[in-house]
Structures are given as C-alpha cells and as structure tokens.
Amino acid sequence: MKILVLIGNVPDTTTKIKFNADKTAFDTNGVQWIINPWDELALTRAMELKETPGSGVESVTVANVGKQDTEATLRKALAIGADKAIRVDSEPKDAFFVASQLAQVAKGYDLVFAGIEASDYNGSAVGGMLAEMIGIQSVSGVSNLQIEGSKAKLVREIEGGSQTVSLDFPLLAIVQKGIAKEPRIPAMRGIMMARTKPLEVITPVDTDIRVSFASFDLPPAKAACKKFTEDQVNQLVHALRDEAKVL
Amino acid sequence: MSVLIFVDNTEGKIKKAGFELASYGAALAKQAGENAIAVSLGKVESDELQKLGNYGITKVLTADDARFASLDNQASAKAIAAAANQTGSKIILLAHNNFGKAIAPRLAVKLQAGLVSNVVGLPVSLDPFKVNKHVFTGKAIGHAVIHTPVKVLTLSYNSFGLVENKVNVTFEAFDPGLTNADFGLIIEQTQTVSGKILLSEAEIVVAGGRGMKGPENWSGLEELASVLGAATACSRPVSDEGWRPHSEHVGQTGKIIAPNLYFAFGISGAIQHLGGVSGSKVIVAVNKDPEAPIFEAADYGIVGDALKVIPEMIAAVKEIKG
Ligand SMILES: Cc1cc2nc3c(=O)[nH]c(=O)nc-3n(C[C@H](O)[C@H](O)[C@H](O)COP(=O)(O)OP(=O)(O)OC[C@H]3O[C@@H](n4cnc5c(N)ncnc54)[C@H](O)[C@@H]3O)c2cc1C
C-alpha cells in the first residue's frame with residue numbers, strides 16, 4: 001500500500017493578517033510558514049499506519065504545489081517521516097489549479113490524505129476536486145481511519161453526529177481534528193535524514209484560472225467592550241435583551 | 001434558466017441550514033431574474049419538502065431513492081450534476097456544512113465550474129460574478145471573482161438567515177440515472193446526539209475554556225445552555241484534555257461558528273480561538289483577567305470568576321424568561 005499526503009504551506013496560525021496597500025494581495029512580509037494544521041495531522045496518521053505491523057503500508061509520499069520557498073515545509077514533512085516529497089513548481093493559483101497539478105502525481109496511490117481546508121483561503125476544495133479528477137471515492141470530515149485488509153474503515157462527521165463507514169481502496173480521505181492525537185514533531189534524527197531524502201520537482205501543467213480575488217478587507221473594528229463587574233450579572237443580561245436584542 | 005439549490009436532509013428531515021440556503025437561493029434567483037429550483041436526494045418527508053415553499057422555492061426535484069441515505073460523495077455529486085444539466089442551471093448552491101463541503105468540489109469539477117466556498121452574502125455583482133467569502137478563518141473577507149460560466153457556491157451558516165417568502169411550490173420526480181456501482185460507501189454505524197441543539201445550528205452558544213478549571217464544572221454551563229436554548233462549545237485545550245468531546249471544539253482548527261450570541265467563560269481569546277468565533281454577532285466574555293485578549297473581541301464582558309458568575313447568570317436569565 002502506498003500513501004500520499006497533500007501538504008499545504010500556510011501562514012503560521014498566530015499571523016496577524018494584513019494586505020498590501022491596494023488590498024489586492026495578502027502581505028507575506030515577515031510571515032512564518034507552516035504545514036497546514038490538518039495536513040500535519042494527516043501526515044502523523046499516515047506515519048502511524050506505516051508503523052503499524054501488518055498494515056502493509058510500504059511508503060508515505062508528500063506533495064505540494066509551490067515555488068522553491070515552500071521546500072522548507074516539505075523538508076519538515078520529510079523530517080516527520082515521509083519517505084519522499086514531490087513539489088509541483090508553481091504558485092498555487094486557485095483550488096482548481098492546485099488540484100489539477102496534484103492530479104498529475106496522485107495516480108497509483110491506494111490512499112490519499114487531504115486536510116478539511118487550508119487555513120488561509122478556507123476553500124475546503126482541493127481534496128474533493130482531486131478525487132473527482134482522478135476518479136476515486138472521497139470521504140470528508142474524517143476523524144479516524146483504520147486499514148482492515150482490503151478495506152478502509154473511517155469515522156466521519158455528519159450533521160448532528162458521526163458515522164463509521166467502510167469502503168474499498170483507492171480512496172481519498174479529507175481529514176479533520178481527531179485523525180491523530182497530536183501532530184508529530186520532527187526529531188533530530190529525522191531532521192538529519194530529511195536532508196538526503198528525495199525531493200522531486202515537477203513542471204506544472206497549464207490550466208485556466210477559475211476563481212481569483214479582486215481584493216480583501218479586514219473586518220470592521222469592534223466598538224469597545226462594555227464591562228460589568230461580578231455583581232452586575234443582572235444588568236448584563238438585561239443589556240443583552242434590551243440593547244443587543246439577542247435574548 | 002434557474003438557480004439550483006441542493007437541500008440536504010438528515011434522516012428525512014431538513015435542517016435549518018437547508019431553509020437558510022433556500023432563502024438565499026430564492027434571493028439570488030430574484031437578483032439574477034431566474035427561478036429558484038431545489039433538488040433533494042433520498043427519502044424526505046413530504047411536509048418537510050413542502051416547507052421549502054415558505055422560503056421562496058418554486059420547484060423541487062426529488063430523487064426519492066433510499067440509496068442516497070449513505071451520503072456517498074461521488075454518487076451525490078453525480079446526481080446534482082445531472083439535475084444542473086437537466087435544469088440548465090448556471091448557479092448551483094450548497095450549504096457549507098459537512099455534506100455540502102464534501103460534495104461541492106466534486107460537483108464543480110464535473111460541471112467545469114468555479115467554486116467559492118464559505119460565501120457570506122449575495123453576489124456583489126453578477127457580471128463579473130463577484131461574491132464575498134470568509135478567508136483566514138474569519139480574520140478577513142475576500143472579494144472572490146468566478147470566471148467560468150457555471151458557478152458553485154457554498155453558503156456559510158447563519159450568514160444570510162431565514163427569509164420567509166411563501167410561494168406555490170411544485171414537485172417533480174427526478175431520476176439521476178445512477179447504478180449500484182455509483183454507491184461505494186457502506187455505513188456500519190451512526191451515532192447521533194439527540195435532544196441537543198447542534199453547535200452548527202445554534203443561535204446562542206455557551207463555551208468554556210481552561211479557566212473553567214475542570215470537567216466537573218460543566219454542569220453549570222450546561223444548565224445555562226439549557227435555559228438559554230443554547231449549544232455548548234469549548235476551547236481546544238479543553239477538548240485536548242478530554243474534558244469535553246472534540247465535536248465541541250471551536251476555533252481555527254475546530255468548528256467555525258457564527259451564532260447571534262456567543263458566551264466565552266474562562267477563555268483567554270487566543271488568535272486561533274477567535275478565528276472560529278469572530279463571526280458571532282455579539283460576544284460576551286467572562287474572565288478574571290481584565291487584560292485577557294478576549295475582551296478585545298467581546299461586545300460585553302464581566303471581569304470576574306466564571307464559576308461565580310454562571311449560577312447568577314442562570315438565575316438572571318430564568319427571571320427575564322419568566
Ligand atoms: C496550530 C494551532 C491551532 C490552534 N487552534 C485552536 C482552536 O481551533 N481553538 C482554540 O480554542 N484554540 C486553538 N489553539 C490554542 C490556542 O492558541 C490557545 O492555547 C487556546 O485557545 C487557549 O485556550 P483557553 O482560552 O481555554 O485557555 P487559556 O489560554 O489557559 O486561558 C484560560 C483563561 O481563563 C481565565 N480564567 C482562569 N480562571 C478563571 C476563572 N475562575 N474565571 C474566569 N476566568 C478564568 C484566565 O484568565 C485565562 O484568560 C491552537 C493553537 C495552535 C498552535
């Protein structure tokens with residue numbers, strides 16, 4: 001069994017979001033980049049599966065669409081334990097573009113992991129698009145995945161609950177929190193080994209751009225918080241009813 | 001020409017998100033000068049479908065096929081694509097819920113459409129097609145432009161609201177032409193939480209953080225939630241420690257919610273937490289540290305001990321609710 005994990009390169013979760021002067025692009029000055037949090041959990045689960053005796057997982061590959069500056073993120077994925085990395089050499093233009101690039105490399109895997117969304121543009125799109133392009137089943141909102149012989153057993157979230165489902169490989173699992181307990185942190189040995197692991201660079205294919213951003217805005221600033229003391233709970237509740245009109 | 005609205009169901013019932021999407025779809029159809037047509041997959045009670053007429057839907061295509069109960073992503077996307085082709089729809093709408101999120105990207109590929117998810121309002125313009133969406137987990141709004149003739153949108157919950165608009169609704173049986181081979185997914189077990197207000201649908205949410213000290217203190221929060229008719233939520237460390245289930249974790253890596261009223265008890269207001277809740281219309285913070293960042297995001301606050309405030313708040317709410 002071969003596993004592929006899609007790796008998004010996103011701003012650190014503590015990044016203060018700012019845009020350029022004409023508000024047409026995200027200002028990347030001083031931004032620290034990380035593995036998209038759900039992709040990091042997916043990779044952790046992929047490594048756990050590989051280490052499980054009898055799971056039959058031979059290799060874990062990671063893939064990203066990005067320019068050379070995303071290689072630090074891919075090296076981190078290799079340090080966590082992936083055997084090989086693939087980078088499609090292009091800016092990630094929109095979800096359709098990214099999925100089209102990944103479709104070049106995602107064939108031939110039994111299990112592909114994607115994250116439920118990327119923490120930057122919140123698209124929730126690349127995983128499902130890729131599954132459709134390469135013609136395999138997808139399950140979304142996955143918080144648990146086990147390999148049981150030739151089948152995968154997954155837990156997914158549905159409205160108001162959760163569901164255990166099973167299906168045949170090949171399959172693309174779009175994961176959320178719970179898929180692994182904590183993201184794995186690279187150990188010194190892993191970091192050393194990552195330097196010599198293969199990182200293949202692939203030329204992008206041409207596709208049309210379907211969605212773009214004309215501009216961005218920050219949410220309007222909030223008015224100052226109205227503060228009450230511990231013994232004014234009553235006043236607060238009345239303000240919620242009479243002033244804010246939410247009770 | 002029409003706007004096609006995919007209304008999903010949970011065990012035969014349409015949730016509030018479905019009616020909100022119907023309201024949005026009807027308004028968008030009006031803006032575009034088209035009809036608002038819904039498509040429903042699986043067995044749905046007929047009086048549930050009838051209710052779509054209360055929100056401006058003039059026609060419902062019903063694929064009354066029990067196999068759709070498995071919420072198979074591939075099969076459902078195929079069926080909705082067939083409905084879009086049959087109705088000649090150029091705009092297809094889904095809720096940004098678990099299921100909508102799962103199938104919209106597949107559908108967009110099938111229809112060669114541009115997809116914008118997490119949309120927060122009606123298009124700003126139809127030509128070019130420009131619509132606003134959440135980006136950076138609620139920390140900003142992006143003005144997205146779709147360049148393809150066919151468009152797929154998923155609507156962020158509680159961003160539009162229910163708009164009553166009673167019209168005459170007709171029903172038409174619809175056969176998407178699927179075979180058993182299209183349904184690959186087998187359901188082994190379903191666990192649903194009954195009798196509780198869903199976090200994703202709640203108008204009021206009561207959340208606790210590490211400042212609640214321990215799981216034993218949640219009975220007060222649950223009682224407050226029950227008198228308010230609210231759902232309960234928590235910060236990430238609370239679910240990581242196992243004080244509360246993962247399904248209650250809100251924030252950047254958990255659920256993103258936008259209720260009308262959000263209470264944060266003993267939550268510091270870390271940037272990752274705020275990302276998931278800043279879409280709330282009114283935020284109330286209770287924290288004993290007057291410098292806690294949550295007060296910068298809050299509209300109302302109490303500087304004090306959450307464990308003391310909760311019982312008093314229960315009493316005060318009971319009093320005004322009579
Ligand atoms: C990649 C990444 C993703 C993350 N995603 C999320 C996410 O999705 N959601 C999330 O919530 N966090 C997330 N976090 C964690 C986040 O950074 C914070 O650590 C977390 O939100 C803090 O939780 P808390 O407010 O409950 O606890 P703390 O930060 O410990 O705050 C507890 C608060 O309670 C107050 N307090 C203590 N006792 C009392 C009392 N008796 N009465 C009233 N107040 C009291 C304190 O003053 C303090 O402000 C993420 C972190 C990372 C690195």
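**View 1. The loop of chain A that holds Pro170(A).** In this predicted model, Pro170(A) is found in the loop between strand 9 and strand 10 (171-175) of chain A, where helices (H or I, at least four residues) and strands (E, at least two) are DSSP runs numbered from the N terminus. The peptide bond that leads from Phe169(A) to Pro170(A) is cis, with omega near 0°. Most peptide bonds, by contrast, are trans, and most residues other than glycine have a negative phi.

**View 2. Two loops of chain B.** Asp127(B) and Pro128(B) are joined by a cis peptide bond with omega about 0°, and Pro128(B) lies in the loop between strand 6 (125-126) and strand 7 (129-135) of chain B. Glu11(B), a residue other than glycine, has a positive phi near 45°, and Glu11(B) is found in the loop between strand 1 (2-6) and helix 1 (16-32) of chain B.

View 3. Strand 9 (residues 161-168) of chain A and strand 11 (residues 186-192) of chain B run antiparallel and are joined by six bridges, pairing being assigned if DSSP finds at least two bridges between two strands. Within this pairing, Ser166(A) stands opposite Ile186(B) of strand 11.

**View 4. The contact between chain B and chain A.** The contact takes 95 residues from chain B and 78 residues from chain A, contact meaning heavy atoms within 4.5 Å. Seven salt bridges are counted between chain B and chain A, each being a side-chain nitrogen of Lys or Arg within 4 Å of a carboxyl oxygen of Asp or Glu. One of them links Lys110(B) to Glu132(A), with the closest N and O atoms 2.7 Å apart. Helix 4 (residues 98-110) of chain B supplies nine residues, the largest share of the side of chain B that touches chain A.

**View 5. The ligand and its surroundings.** The ligand is surrounded by 26 residues, the closest being Lys213(B), Ser235(B), Thr253(B), Ser268(B) and Gln272(B), where a residue is near a molecule if one of its heavy atoms lies within 4 Å of it. Because residues from chains A and B surround the ligand, the site is shared between chains.

**Notes.** Residues are numbered from 1 along each chain as its sequence is written, while chains are lettered from A and ligands numbered from 1 in the order in which they are written. Local features need pLDDT of at least 70 and side-chain atom pairs count only at pLDDT 80 or more, whereas totals for chains, interfaces and linings use all residues; side-chain values use heavy atoms, with hydrogens and water left out.
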